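Hi everyone, thanks for coming.

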Amino acid sequence: SAVNKPVNFSTGVFAGRTIRVELEEIQNAELGRKYARKDKRPLDPPPVVLCRFFEVFRSVSNAESEMDPMQASFGAICHADLFPVPSTNQHPFLLPALPSIRPPSTATVAAHALIPSSAGSGVANQKPDVVAWFGSHAICESDKWTNMLAGGSSVHASIIKYQGRESAMFVFPDLSVRAEGTFVLRFRVSCVFSGPACQGASHPILAECFGRPFEIFPTKGFPGLGASTALTKV
């Protein structure tokens with residue numbers, strides 16, 4: 001898979017350049033109230049994903065240079081997918097995107113850590129569409145509950161000042177979930193104004209990341225909203 005790897009473009013704003021994209025959830029939803037027509041409370045706080053673009057210079061030992069976020073994010077769209085995971089009362093730190101072909105060992109990885117899975121695993125009895133592991137729980141593409149999302153699940157980039165610099169971010173201000181339980185979001189970015197040099201998808205997925213788990217409560221059991229975060233106030 002070319003996801004999270006450099007892509008050579010032949011058309012559009014990236015024509016003639018090789019681009020690598022990184023995604024990182026910098027503000028995660030912690031909880032939400034089950035969506036209802038008369039009660040459309042979004043996830044709290046709203047998920048925010050930082051996006052960084054790098055130009056890769058193949059002729060210089062794959063040296064990279066970070067691109068101006070205003071120009072590079074033109075035409076970039078981030079889509080959120082929803083996956084159910086086993087319930088947990090903790091909100092643990094999720095490991096970086098380290099490929100894994102088998103459930104992580106409890107001796108080396110904390111319970112409920114989320115590790116994206118490399119494609120084409122040969123592990124016995126593993127489903128062919130495993131995309132990540134949540135502790136020992138396999139998250140499969142076929143388990144996707146994206147149809148249970150309400151609100152904008154695809155957003156354009158916004159330029160926001162973050163840690164002293166202008167940055168491209170994807171903000172999901174009105175996402176809510178139509179079911180109760182514990183979930184994680186997967187974020188994927190593509191560029192609609194550029195086409196890759198290789199054959200295949202016209203707008204390939206350039207990068208993806210998983211967010212931290214959050215809980216969706218019934219209306220009567222909802223503990224209430226938290227205080228606004230610094231990013232939410234921007």
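I'll begin with the whole chain and then visit a few residues.

A word on the source: this is a predicted model, where local features need pLDDT of at least 70, side-chain atom pairs count only at pLDDT 80 or more, and totals for chains, interfaces and linings use all residues. Residues are numbered from 1 along each chain as its sequence is written, and side-chain values use heavy atoms, with hydrogens and water left out.

The chain has two helices and 18 strands; helices (H or I, at least four residues) and strands (E, at least two) are DSSP runs, numbered from the N terminus. Of its 234 residues, 44% are buried. Buried means under 20% relative accessible area, exposed over 50%, and partly exposed in between, with a 1.4 Å probe and protein chains only. Taking contacts (heavy atoms within 4.5 Å) between residues at least 6 apart in sequence, 67% join residues at least 24 apart.

Now please find D81, in strand 6 (residues 76-84). Is D81 buried or exposed? D81 counts as buried because its relative accessibility is 5%. Its side chain makes polar contacts with the side chains of T146, at 2.8 Å, and H79, at 3.1 Å. A polar contact here is a pair of N or O atoms within 3.5 Å; within protein, one must be able to donate a hydrogen and the other to accept it, and residues adjacent in sequence count only if both atoms are side-chain atoms. Leaving out residues up to four places away in sequence, D81 also touches several others, including K144, V184 and R186. D81 and F187 are 106 residues apart in sequence, yet their C-alpha atoms are 6.6 Å apart in space.

R186 brings us to a strand pair: R186 stands opposite F210 in strand 17. Strands 15 and 17 pair in the antiparallel sense over four bridges; to pair, two strands need at least two bridges found by DSSP. In a regular strand, side chains alternate between the two faces of the sheet. Strand 17 (residues 207-210) is covered on both faces, with A207 and C209 buried on one side and E208 and F210 buried on the other.

Last stop: R20, in strand 2 (residues 18-27). R20 counts as buried because its relative accessibility is 14%. Which side chains make polar contacts with the side chain of R20? They include E22, at 2.8 Å, and E64, at 2.6 Å.

That's my tour, thank you!
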